[in-house]
Every structure is written in structure tokens, then in C-alpha cells.
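Dear colleague,

Please find below the structure that I am handing over to you. My notes on what was found in it follow directly after.

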Amino acid sequence: MFAISLGDGAELRPLEPWRAEEFFAHVERGREYIGRHIGFADAAADLDSARGLLQSYADKTAADTGRLYGIWLDGLLVGGVLFRVFDVGLGNCEVGCWLEPAAAGRGLVTRAARVIIDWAVRERGIHRVEWMVSSDNTPSINVAKRLGMSRDGVLREHYPHRGVRQDIEVWSVLAPEWLSAHGTR
Ligand SMILES: CC(C)(COP(=O)(O)OP(=O)(O)OC[C@H]1O[C@@H](n2cnc3c(N)ncnc32)[C@H](O)[C@@H]1OP(=O)(O)O)[C@@H](O)C(=O)NCCC(=O)NCCS
């Protein structure tokens with residue numbers, strides 16, 4: 001089975017619909033933490049909707065328009081990274097991430113995001129990798145900075161989350177910037 005080591009007992013693997021029960025149990029452990037700024041946990045409100053969320057990404061994978069990967073730490077699913085948008089024709093993608101709280105503060109998402117961005121840039125010819133984040137979400141903004149992204153600007157009151165419209169910052173890294181920072185191989 002495909003798995004990429006992230007070091008320190010962590011692995012990155014595709015997160016597919018057959019893992020719905022494991023995924024739902026993970027979301028339940030992190031529901032409040034994961035859901036503070038993004039709708040991801042709310043979209044997996046019960047087992048059926050959790051399975052539906054995984055299926056929607058399986059469909060995106062088949063269409064090459066998005067992908068979802070889980071992070072396992074010592075065999076437990078603790079979070080993941082995703083291509084929410086993946087547009088090879090335009091050469092653009094948007095990366096997202098989440099963790100349950102017990103797995104935060106170890107660099108797991110930064111390491112996982114590096115793996116998938118590297119693949120997108122080197123193997124799929126993606127030119128622009130975006131990171132969309134609420135202005136209030138400092139831990140996620142810090143991930144964007146660790147990934148070497150630049151702040152493009154802010155979409156004011158762009159995203160309604162739990163009844164409150166949030167300012168969304170757009171961060172990005174371009175392929176030449178990524179390759180210059182990580183080697184052209
Ligand atoms: C966004 C989120 C994933 C960030 O989690 P995180 O643990 O801070 O991010 P990382 O996994 O990259 O870990 C970085 C932290 O580990 C530390 N760290 C330890 N070892 C590290 C390593 N080898 N490499 C990088 N960082 C390391 C870093 O110093 C940093 O801690 P600090 O912020 O206290 O300085 C998390 O806050 C989350 O899930 N939030 C809810 C969902 C969400 O908002 N998602 C983002 C939507 S835009």
C-alpha cells in the first residue's frame with residue numbers, strides 16, 4: 001500500500017472512502033479544534049457525510065481536480081493535507097490541511113504539504129500553489145510562511161463560517177520559487 005514516511009513515526013497515505021469509519025472517529029476527536037476556522041469538520045457531521053466527503057475527493061482524484069491525503073502518526077489517523085483545487089490546465093492548485101489537536105506542534109502538516117507541493121510542481125507542472133486562510137488563523141498562516149509562501153492579499157469578508165463572514169488571506173508559492181528553494185534536481 002502506498003505510504004510516504006514523514007519521519008518520527010508519521011506517514012502520508014491516500015485517504016479513501018473505505019476509511020470512512022477511521023476518518024469519522026478522527027474528526028470526532030478533533031471536531032472543535034479543526035472546525036474553528038474551516039467547514040471541513042462540519043462537512044463530516046456523521047458517518048454518512050464523512051464517507052460522502054471522502055467520496056467527493058475520490059471523485060475529484062478520478063477527474064484529476066483534487067486529492068486528499070491522511071497523516072498517520074504511530075498508526076493513528078491524526079490529520080491530512082489536500083488539494084482542494086487542482087487545475088492542471090491553468091497550472092494552479094490550492095492546498096489545505098488539518099490536524100487533531102494531539103498531533104499539532106510537531107511539523108507534520110508542514111512536512112506533508114511539502115511532499116504534495118513538490119509532486120504538484122515537479123511531476124504535474126503546477127505553476128502556482130495557493131493557500132487560502134482566515135486572517136484569524138495564525139497557526140495556518142505560520143504553515144504558509146514555513147512553506148516559503150508570500151502573502152498575495154486579502155479577500156475581505158469572503159467566507160461565511162458558522163454565521164460570521166471571515167477575511168481570507170491568499171498566500172502562494174510559484175514553481176520557480178519552489179524549485180529555487182528546494183533544488184531543481
Ligand atoms: C493549521 C494547523 C494544521 C497547523 O498545525 P501545526 O501543528 O501548527 O502545523 P505543523 O504541523 O506544520 O507544525 C508546526 C509546529 O510544529 C513545530 N515543529 C516541531 N517540529 C517541526 C518540524 N520538524 N518542522 C516544522 N515544524 C516543527 C513548529 O515550531 C510549529 O510549532 P509553533 O507554531 O508552536 O512554532 C492546525 O492549527 C489545525 O489543524 N487547525 C485547524 C484546521 C485548520 O484551520 N486548517 C487550516 C485551514 S487554512
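Which residues in α1 meet which residues in α2? A20, E21, F23, F24 and V27 in α1 meet L47, A50, R51 and L54 in α2, where residues are in contact if their C-beta atoms, placed from the backbone, lie within 7 Å.

Before the details, two remarks on the source are in order. The model is predicted, and local features need pLDDT of at least 70, side-chain atom pairs count only at pLDDT 80 or more, and totals for chains, interfaces and linings use all residues. Residues are numbered from 1 along each chain as its sequence is written.

Overall architecture

The protein has five helices and eight strands; these are DSSP runs numbered from the N terminus, with helices being H or I of at least four residues and strands E of at least two. Along the sequence, they follow the pattern β-β-α-α-β-β-β-α-β-α-β-β-α. The radius of gyration is 16 Å, close to the 16 Å that the globule rule gives for 185 residues, so the protein is as compact as a globular protein of that length. That radius is taken over C-alpha atoms, and the globule rule is 2.2 Å times the number of residues to the power 0.38. The C-alpha atoms fill a box of roughly 40 × 40 × 35 Å along the principal axes. Of the 185 residues, 35% count as buried (20 or more other C-beta atoms within 10 Å of the residue's own; exposed means 12 or fewer, and partly exposed lies in between, with C-beta atoms placed from the backbone). Among contacts between residues at least 6 apart in sequence, 55% join residues at least 24 apart.

The sheet

The eight strands form an open sheet in the order β1-β2-β3-β4-β5-β6-β8-β7, with mixed pairing; two strands pair if DSSP finds at least two bridges between them. β1 (4–7) and β7 stand at the edges, each with a single partner strand, so one side of each is left without a neighbour in the sheet. From one strand to the next, the twist averages 30 degrees.

Strand β5 (residues 92–99) runs parallel to strand β6 (residues 128–134), and three bridges join them. In this pair, E94 stands opposite E130 in β6. By contrast, β7 (residues 150–161) and β8 (residues 164–174) pair in the antiparallel sense over eight bridges, and G153 stands opposite V170 in β8. These two strands form a hairpin with two residues between them, and R162 in the turn has a positive phi of about 50 degrees.

The helices

The axes of α1 (residues 20–34) and α2 (residues 47–63) come within 9 Å and cross at roughly 110 degrees. Axes are lines fitted to C-alpha atoms, for helices over the stretch in contact, and angles run from 0 to 180 degrees between N-to-C directions. The two helices are therefore roughly perpendicular to each other (65 to 115 degrees).

The axes of α3 (residues 108–124) and α5 (residues 175–182) come within 10 Å and cross at roughly 115 degrees. There, I117, D118 and V121 in α3 meet A175, W178, L179 and H182 in α5. Helix α4 (residues 138–146) lies across β5, β6 and β8, running at about 160 degrees to β6.

A3 belongs to the segment before β1. With 11 C-beta neighbours inside 10 Å, A3 counts as exposed. Leaving aside neighbours within four places in sequence, A3 is in contact with E11, L12 and R13.

Yours sincerely

Notes:
Two residues are in contact if their C-beta atoms, placed from the backbone, lie within 7 Å. Angles under 35 degrees count as roughly parallel, over 145 as roughly antiparallel, 65 to 115 as roughly perpendicular and the rest as oblique.
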